[in-house]
Amino acid sequence: MDIRKIDETLSVAPQISVQDVAEIARLGFRTLVANRPDREEPGQPAMTDIEAAAQEHGLEWVYLPVESGNITDQDVDRFAPMIRNAEKPVLAFCRSGTRCTVLWALSAARETQPEEILSKAHRAGYDITGLIPRLAQQAGKH
């Protein structure tokens, strides 16, 4: 597993396996968020199998799939309250972790300065400088 810490409340990861869920729980995560659509590519673990493992290990499960490269304002509107209200810490995953990072960044932009968001994403290994116009747009929403 390649878990990348965004901040004290959220980490992101590329696709996890059913077998990874026990370790995720052991590491102290309380909520597991899937931002990847089921059957996005052949060989991907079924979300229902990961959900069952999450429940077996006492994790809160959130399935919030978004299309890669096409994150809408409605996706951000669903992600923002979920991440705010989720039991922390949260681990969100998708194919590479980028989608989760973008969702977090756009929702965080409503309350956090873009420089801080870009810095946290960069420390986690994600370059989201291309999002600067959307971060500004999200900041203007609240």
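**View 1. Surroundings of Thr31 in the predicted model.** Thr31 touches Leu59, Glu60, Val62, Ala86, Glu87, Pro89, Val90 and Leu91, leaving aside residues up to four places away in sequence; contact means heavy atoms within 4.5 Å. Thr31 belongs to strand 3 and counts as buried because its relative accessibility is 0% (buried: under 20% relative accessible area, 1.4 Å probe, protein chains only). This is a predicted model, in which local features need pLDDT of at least 70 and side-chain atom pairs count only at pLDDT 80 or more, whereas totals for chains, interfaces and linings use all residues. Residues are numbered from 1 along each chain as its sequence is written, and side-chain values use heavy atoms, with hydrogens and water left out.

View 2. Five strands form an open sheet in the order 1-2-5-3-4, with mixed pairing (pairing: at least two DSSP bridges between two strands; strands: DSSP runs of E, at least two residues, and helices: runs of H or I, at least four, both numbered from the N terminus). Strand 1 (4–5) and strand 4 (60–63) are the edge strands, each pairing on one side only. Strands 1 and 2 (residues 10–13) run antiparallel and are joined by two bridges, with Arg4 opposite Val12.

**View 3. Met82 and the largest nonpolar core.** Met82 touches Val33, Val62 and Leu64, residues up to four places away in sequence not being counted. The largest nonpolar core has 32 residues, and Met82 is among those touching the most other members (core: buried Ala, Val, Leu, Ile, Met, Phe, Trp, Tyr and Cys residues joined through side-chain atoms within 4.5 Å). Helix 4 supplies the largest share of this core, seven residues.

Note on methods: Buried means under 20% relative accessible area, exposed over 50%, partly exposed in between (1.4 Å probe, protein chains only).
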